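Morning, everyone. I have one structure to show today. Let me put it on the screen.

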Amino acid sequence: MVANSAVSVSLDSVRDKNLMQLKKLNSVLFPVRYNDKYYADALASHHFTKLAYYSDICVGSIACRLEKKEDGAIRVYIMTLGVLAPYRGLGIGTKLLNHVIDLSSKENIGEIYLHVQTNNEDAINFYKKFGFEITETIKNYYMRITPPDCYVVTKYIRQPLSEK
């Protein structure tokens, strides 16, 4: 565990200049190698994709993709959210997720979703704390990890009534 919780956590947008930090984090955090489309989507989402720094050390990230639904509405897909093991429990993942929830609300985006492996109870419980709910189960979603099934976990954001 990292001592001195007084050290601040800062977020920074992912750009061409720091994209390698996201790639390096992903190689350590996740059991899959992400393709160029993943990184193009992360860059295209602009402020929705962030790196987290703890005492100026890059320790976590959230990478999102903006998707247009059939009705024309935009929704956010969280491709990845991860924090290096020694830095977990310090609120870094919470700060990353809250950033995306707050930004979605500000931009009138009413839906955020992601896929979670069915046995990843820590992740499921983490997202539930933020109002996400399991909305679907997909069998054989993952090709190279066991179990191969996933849940679709979704948060619907109520938009404030606009004054006319």
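Helices (H or I, at least four residues) and strands (E, at least two) are DSSP runs, numbered from the N terminus. This is a predicted model, where local features need pLDDT of at least 70, side-chain atom pairs count only at pLDDT 80 or more, and totals for chains, interfaces and linings use all residues. Residues count from 1 along each chain as its sequence is written, and side-chain values use heavy atoms, without hydrogens and water.

Start with the loops. H46 sits between helix 2 and strand 2 (50-54). Its phi is near 55°, positive although H46 is not glycine. H46 is exposed, at 54% relative accessible area. Exposed means over 50%, buried under 20%, partly exposed in between, with a 1.4 Å probe and protein chains only.

Now the loop between strand 6 and strand 7, which holds N140. N140 also has a positive phi, near 55°, and is not glycine. Its relative accessible area is 56%, so N140 is exposed. P147 lies in the loop between strand 6 (133-138) and strand 7 (150-156). A cis peptide bond links T146 to P147, with omega about -5°.

Next, the lining of the largest pocket. A pocket is an open set of points on a 1 Å grid over the protein atoms alone, where a 1.4 Å probe fits, with protein on both sides within 12 Å along at least five of seven lines; lining residues have an atom within 4 Å of a point. Here 41 residues line the largest pocket, and F30, Y34, M79, T80 and L81 lie nearest its centre. Which strand gives the largest share of the lining? Strand 4, with seven residues.
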